[in-house]
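Here's a quick briefing for anyone meeting this structure for the first time. Have a look at it, then read on.

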Amino acid sequence: MDKKKYYVTTPIYYASGDLTVGHCFCTVLTDAIARFKRLDGYDVMFLTGSDEHGLKIAKKATEAGMEPKEFVDKTVDHFKHVWKTLGVSYDKFIRTTDPEHIECVNKIMMKLYEKGDIYLSKYEGLYCVPCETFFTESQLVDGKCPDCGRPVEKASEECYYFKMSKYSEFIKKLFEENKDFLVPESRKNEIYNNFVKDGIQDLCITRTTFDWGIRAPFDPKHVIYVWCDALTNYISALGYGSDNDKLFKKYWPADVHFVGRDITRFHAIIWPTMLHACGIEIPKRLHSTGFITLKGDKISKSKSNGFNPLAISDKYGADALRHYLIKEGPIFNDIPFGFDVFLETINSDLCNNLGNLVSRTIAMITQNFGGIIPAPDKVEEEDKPLIDLCNNVYNKVRDAIEDGKVDVAMREIFEVIRYANKYIDITEPWVLAKSEEKKPRLASVLYNLAETIRICTTLLQSFLIEIPAKIFEKMGTPNDKQTFASIKEFGSNNYGYIVTKGEAIFPRLDIEKELAYLNQETAKPEKKEEKVEEVKEVELIDIDYFDKVKLEVGTVVNSERVEKADKLLKNTVRINGVEKTIVSGIAKYYAPEDIIGKQVVVVTNLKPVKLRGILSEGMILCAVDERTNDLTLVSPTKTMPDGTIVC
């Protein structure tokens, strides 16, 4: 039987600079839904990408002394690095500079033009460059852009308009009759009252005062308005209008577009109108999230009050940031980001509740049953509340995900985890352990705890990317017991697995110390000032010294993570037919499967050294960008025989 299809998207983010924690918020929420649906048996397409055209990017590129394409290429590399670090499992990354996207935009525009829905006129009005948005005088707030609060510019130029007013009744009916189209209700009412109720206006869709964008196919002097360009990504990524539109036929219409509050009206008005005018189905639902705020203000690039989210994930792990962003909620409201709340949440949930539950359970199984999860005896009355919670948690999480309430889904899991810790206090296994007669009861209690951990960890795979695998390893859980199908009912045969003590799942944080670090390192606005860097003297070496270093080309034939070492990969590199083991600190940048088969440059005459008990017989060369902390392997530009000397 074919799997049910599910298409979920984030916005494509504007490639004008670094990503903020606000961008991460929307994307991590979408990723959690995609992961849950995959684990729940769906055939998922998860799309994200970059919006790369428009006046703002043209200006940013000029300021940086770069061509626009060169500028956005660099930005996109940063985007992909952030998403990889945070475990964002997108299936496709669409760029609005991709040829297939440009072709799709042209086809949509020609379709509207040939239908008579596009006409030439003149625009005189107000334009916000950072938001790439036109406004009327009445829409301004204190004479400034209502979205970012910056000054607007007067614009007067020849342009083409899309006859959106022709579809006013369609949009009104969509808002009035389709209760599921836009969530939450408050956002739906806000947009309806401000932009829909009195009829929608025609939309200016081309510009002539800059040229960084897609040329209008019906008049190449004009560049397509960035929002008409950007919104088309949701179908261009699926091959709409191309010779290969299998993905479009398979996945469209989208099940959910996740969007931020500030761009909801574009998705709720312009996008469905364009689709309807072209005879294309509209997406099933829009989920409009709130803002992440800092000291009461929206965190955004335009307000220069953001901070690098990787500063948090690099220090505390991706799961710490993911957990906070998912759970803090409610996600449809604005959420204040507080470093104190972040640290306390991590301590409370990941350390005290989840970490302690796993540690205590493993310790008691090790002490009383030789490290083997025991078979249960019989169910007592005091077991039933925990078992009932476990039997219901999958359905509760699934229903919350279906409603887009990812924060609620996470809380349902931690409700079970909290009760499991309470269950330990109720059953007092340390008392049961004192009596041989009560050992069968102790076996049931510890089995129930192990089974609860298994069920909750299986669900947590949708939300966290590192911790679940660590727990499964500690609990000896086989792969077939890590599936949703295996947790829909509290099992009675999940025993006999060997548990393993080790490092804590999540170490407890010193709030005062970590708060000082965060306030110092990440709570500062990013400054884009030019700096005159001091040129440091470099110690020079002569050619004879350099000749002592032997550099050879090798091929990575195997790679695996080093146990209990998050940064290390154990690589097997073939050089001149001989396989060498080389330990490299690149696990944050490359998964083992990413480098198997790659050719690398190796220092082959280093003295062997033991790292985490593994004898490392050389060094794989890498290049590191100290400004972004990004890393890439040094490789030959074309395939060379293993053992080729690098000189």
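How are helix 17 and helix 18 oriented to each other, roughly parallel or roughly antiparallel? They are roughly antiparallel (angles under 35 degrees count as roughly parallel, over 145 as roughly antiparallel, 65 to 115 as roughly perpendicular and the rest as oblique). Keep in mind that this is a predicted model, where local features need pLDDT of at least 70, side-chain atom pairs count only at pLDDT 80 or more, and totals for chains, interfaces and linings use all residues. Residues are numbered from 1 along each chain as its sequence is written, and side-chain values use heavy atoms, with hydrogens and water left out.

**Helix 17 with helix 18**

- The axes of helix 17 and helix 18 (residues 467-475) cross at roughly 155 degrees and come within 9 Å; axes are lines fitted to C-alpha atoms, for helices over the stretch in contact, and angles run from 0 to 180 degrees between N-to-C directions.
- Helices here (H or I, at least four residues) and strands (E, at least two) are DSSP runs, numbered from the N terminus.
- The crossing is left-handed, a label used if the near helix is turned anticlockwise from the far one by less than a right angle (right-handed if clockwise).
- Helix 17 brings Ala-450, Ile-453, Arg-454, Thr-457, Thr-458 and Leu-460 to the contact, and helix 18 brings Pro-468, Ile-471, Phe-472 and Met-475; contact means heavy atoms within 4.5 Å.

**Helix 17 with helix 13**

- Helix 13 (residues 339-369) packs with helix 17 (residues 439-460) at about 145 degrees, their axes 10 Å apart.
- This crossing is left-handed.

**Helix 6**

- In helix 6 (residues 185-196), the buried residues are Arg-187, Lys-188, Ile-191, Tyr-192 and Val-196 (buried means under 20% relative accessible area, exposed over 50%, partly exposed in between, with a 1.4 Å probe and protein chains only).
- These residues cover an arc of only 130 degrees around the axis, so they sit on the same side of helix 6; the arc is that of the directions from the helix axis to the C-beta atoms.
- Their cover includes helix 5 (168-177), strand 7 (182-183), helix 10 (264-277) and strand 13 (286-289).

**Lys-144**

- You'll find Lys-144 in the loop between strand 5 (133-135) and strand 6 (153-162).
- Lys-144 is partly exposed, at 39% relative accessible area.
- Its C-alpha atom is separated by 8.5 Å from that of Cys-128, 16 residues apart along the chain.
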